[in-house]
Number of protein chains: 2
Amino acid sequence: MKPLNFKAWQTKVQAQTEMALNRFLPSETLSPEILHQAMRYAATGGGKRLRAMLVTAAAELGRYDEIALSQAIAAIEMIHAYSLIHDDLPCMDDDDMRRGKPSCHKAFGEAQALLAGDALQTLAFEVLSQENQLPYAQRLQSLRTLANASGSLGMAGGQSIDLSVVGLLPDLPALENMHALKTGALIRASVRLGALACFDVADDMLQKLDDYAADLGLAFQVVDDILDAQADSQVLGKTAGKDAENDKPSFVSFMGINAAKQYAHDLCQRAIYSVQNISADTHILQEMARFVLEREN
Amino acid sequence: MKPLNFKAWQTKVQAQTEMALNRFLPSETLSPEILHQAMRYAATGGGKRLRAMLVTAAAELGRYDEIALSQAIAAIEMIHAYSLIHDDLPCMDDDDMRRGKPSCHKAFGEAQALLAGDALQTLAFEVLSQENQLPYAQRLQSLRTLANASGSLGMAGGQSIDLSVVGLLPDLPALENMHALKTGALIRASVRLGALACFDVADDMLQKLDDYAADLGLAFQVVDDILDAQADSQVLGKTAGKDAENDKPSFVSFMGINAAKQYAHDLCQRAIYSVQNISADTHILQEMARFVLEREN
């Protein structure tokens with residue numbers, strides 16, 4: 001079979017992500033309807049699906065279990081969706097738009113949105129604890145990976161630090177550490193969950209994938225800051241210019257826009273080097289690094 | 001060894017619960033400090049520990065793994081603590097007091113409290129995915145049990161229904177269904193997690209324990225409504241009279257206080273019957289039913 005070009009592959013993964021989410025999310029007609037509607041509203045039908053792409057690209061390097069892959073995709077995107085719901089709440093970033101539509105609390109009210117985020121997190125772990133063809137030990141490893149990446153020493157910890165640095169300017173390493181937790185941890189978990197959906201997982205490949213994802217995750221955040229400083233809200237699908245408005249430290253405020261662009265470029269190059277000597281076809285992972293660099297929203 | 005009387009047993013479990021939580025919660029000196037402080041503030045040092053008692057009492061019916069028991073205790077109390085933090089937020093019940101001290105968002109601000117709840121939920125699943133001596137399949141069963149009980153078809157679903165019935169009066173079955181989800185699901189999960197911490201789990205015992213916990217959980221809620229209508233805030237450790245003030249349907253508003261008391265009594269009797277023919281010493285579980293009936297906060 002001829003390998004798909006990146007654009008066609010991306011379309012395939014986005015469709016598979018919608019299918020996986022539809023499979024594991026409770027029906028909107030099931031009680032409590034409003035909660036299930038809010039969960040679907042936030043999790044389905046939008047987003048770049050960067051994390052699902054990373055899960056899939058890593059899984060496709062080996063011989064993967066199809067059910068395990070769809071569980072990993074659904075779980076990682078549910079955790080991401082939950083974090084966006086809570087991040088958008090008035091007591092956090094207070095954002096009215098997300099993925100080009102009203103944020104979850106604007107559509108369903110704060111209380112139901114809070115619960116929808118809570119229940120999406122729970123569902124992510126439930127999905128990963130369901131049956132598949134992989135050894136039990138590996139399934140528990142996937143659960144631990146997702147939990148470590150999401151909790152107080154991962155994503156939630158990064159958000160906590162992010163909240164406490166508003167108005168303060170830490171040094172660049174402190175900024176990088178915050179992002180390594182806030183977005184980096186889940187991006188690294190994505191490639192790891194993909195690899196763990198395979199029957200044949202090699203430790204040295206896990207290490208190379210992790211190096212790749214660490215650089216890619218940071219590049220993603222540098223580009224995010226550049227887009228926030230430059231783009232308009234309509235292309236971005238969320239409110240632009242928030243960082244400067246909220247006096248938040250960013251790569252742009254630290255380095256200036258040109259150095260930030262060079263930095264993002266260098267990080268993506270390094271990510272590509274990390275996977276070039278994996279003994280499998282890594283062209284999709286390499287294309288993804290270019291995708292992260294060149295994206296407009 | 002002479003069996004402990006209930007009071008001494010309860011004190012032992014409360015101490016073991018604090019130990020389990022201290023073991024699995026990240027240190028307050030670890031970054032992000034404020035988040036770890038908020039997590040500990042909400043999870044340790046208070047509460048009746050009803051769920052931890054149920055986990056322990058069920059585990060003590062069989063030959064349990066000590067690490068698995070402490071994991072189950074910590075996980076269930078973390079889920080409970082997370083639900084209380086989020087329940088107390090201004091967009092939910094807006095409660096300033098919890099367990100006799102300022103609620104988490106009063107002490108740490110809304111944003112950090114929200115994240116502390118999020119991270120406590122994550123940590124519950126992480127703890128259950130850590131190593132112990134039990135078979136892998138049983139550990140995955142524990143994870144599924146906790147996830148099912150906490151999510152949109154369990155606790156979070158019950159809270160969603162609870163929010164949408166303010167000012168409306170559904171019938172008694174609707175009220176019971178709401179409580180079966182909101183508090184009942186986690187109480188049933190408690191005895192199940194305790195049984196699943198044992199090397200020898202029998203399906204018929206799981207069924208009897210589940211019948212017990214379903215009645216006990218409902219009795220707990222009926223008593224909660226009675227206490228809310230009668231007690232003062234100081235004894236209760238949280239704001240009393242909230243149900244009537246918020247125009248929330250309750251067992252007291254439906255049945256009147258005397259019928260509610262009789263109902264709680266009947267439910268506890270039925271719970272006791274359910275465990276009387278388990279072939280193990282169930283006196284602690286029976287005492288717990290009396291404890292639920294006679295508690296003052």
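Start by selecting Arg99(A), which sits in the loop between strand S1 (97–98) and strand S2 (101–102) of chain A. What you have open is a predicted model, where local features need pLDDT of at least 70 and side-chain atom pairs count only at pLDDT 80 or more, while totals for chains, interfaces and linings use all residues. To find your way around, residues are numbered from 1 along each chain as its sequence is written, and chains are lettered from A and ligands numbered from 1 in the order in which they are written. Strands (E, at least two residues) and helices (H or I, at least four) are DSSP runs, numbered from the N terminus.

Still on Arg99(A), check the backbone: phi is positive, about 50 degrees, though this is not a glycine. Most residues other than glycine have a negative phi, and most peptide bonds are trans. Arg99(A) counts as partly exposed because it has 16 C-beta neighbours inside 10 Å. The cut-offs: 20 or more other C-beta atoms within 10 Å of a residue's own is buried, 12 or fewer is exposed, and in between is partly exposed, with C-beta atoms placed from the backbone.

Now hop to Arg49(B), in the loop between H2 and helix H3 (50–59) of chain B. Arg49(B) is a non-glycine with a positive phi, near 65 degrees. Arg49(B) is buried, because 22 other C-beta atoms lie within 10 Å.

Stay in chain B and pick Pro32(B), in the loop between helix H1 (6–24) and helix H2 (33–43).

Last stop, back in chain A: select Ser31(A) and Pro32(A), joined by a cis peptide bond with omega about -5 degrees. Pro32(A) is in the loop between helix H1 (6–24) and helix H2 (33–43) of chain A.
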